[in-house]
Amino acid sequence: FDFHHANPGYVMLTMWLPDGASSLPPHPHHQIGVGGLVLDPSGERVLCIQERRGMTAGMRGFWKLPGGLVDHGEDLGDAATREVREETGVQTVFDCVASVRETHSGPFGCTDLYAICVLRLDEGAYGPLPAGAPAPGGGGAPGLPPPGVP
């Protein structure tokens with residue numbers, strides 16, 4: 001038998017019976033992440049964060065898009081809006097996928113896919129925001145709500 005893959009409480013072993021090389025497909029081995037590209041109403045400013053924990057924590061002057069890994073069964077747009085909400089408190093709505101990056105040097109030898117998702121501020125949470133509008137509740141980056149605004 002050959003080891004194929006494992007999940008918690010489950011191991012798959014295989015044995016190819018016909019002569020020749022096995023044509024069984026390998027176990028899926030991709031990791032998918034998202035970054036939320038949140039634009040202000042004018043489309044001129046982007047929400048960026050500095051990590052307190054993680055690979056870029058403590059790197060002076062290093063700003064990045066809020067984002068993280070897509071959960072099992074989660075859509076890209078849902079993952080992007082969730083990650084932005086978890087990391088900043090800002091409520092957003094998915095618009096589209098702007099770009100996808102692929103590398104074959106991800107963790108555990110996995111292929112790593114990373115999608116940049118264009119998001120806009122949730123008018124249901126903040127009301128209509130005209131271009132150049134000040135941040136709801138005041139403070140924070142111009143045109144974006146300050147941290148902690150639900």
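## Arg82 and its surroundings

In this predicted model, the side chain of Arg82 comes within reach of the backbone oxygen of Leu69, at 3.1 Å. A polar contact of 2.8 Å also links the side chain of Arg82 to the side chain of Glu74. Leaving aside residues up to four places away in sequence, Arg82 touches Leu69, Val70, Asp71 and Glu74.

Arg82 is part of helix H1. Is Arg82 buried or exposed? Its relative accessibility is 12%, and because the limit for a buried residue is under 20%, Arg82 counts as buried.

## The largest nonpolar core

The largest nonpolar core has 14 residues. Those that touch the most other members are Val34, Val38, Val84, Val90, Leu119 and Leu121. Two or more core residues come from each of strand S3 (30-39), helix H1 (76-88) and strand S6 (111-121). Strand S6 gives the largest share, with 4 residues.

In soluble globular proteins, nonpolar side chains tend to be buried together.

Phe1, Phe3, Val11, Leu13, Met15 and Leu17 make a nonpolar surface patch of about 740 Å².

One of these residues, Phe3, sits in strand S1, which covers residues 2-7. Phe3 has a relative accessible area of 58%; because exposed means over 50%, Phe3 is classed as exposed.

Technical notes. Residues are numbered from 1 along each chain as its sequence is written. This is a predicted model: local features need pLDDT of at least 70, side-chain atom pairs count only at pLDDT 80 or more; totals for chains, interfaces and linings use all residues. Side-chain values use heavy atoms; hydrogens and water are left out. Patches are made of residues with over 30% relative accessible area and no salt bridge: like charges are joined within 9 Å, nonpolar side chains (Val, Leu, Ile, Met, Phe, Trp, Tyr) within 5 Å. Accessible areas come from the Shrake-Rupley method with a 1.4 Å probe; for residues, only the protein chains shown count as cover. A salt bridge is a side-chain nitrogen of Lys or Arg within 4 Å of a carboxyl oxygen of Asp or Glu. Buried means under 20% relative accessible area, exposed over 50%, partly exposed in between (1.4 Å probe, protein chains only). A nonpolar core is a set of buried Ala, Val, Leu, Ile, Met, Phe, Trp, Tyr and Cys residues joined through side-chain atoms within 4.5 Å. A polar contact is a pair of N or O atoms within 3.5 Å; within protein, one must be able to donate a hydrogen and the other to accept it, and residues adjacent in sequence count only if both atoms are side-chain atoms. Contact means heavy atoms within 4.5 Å.
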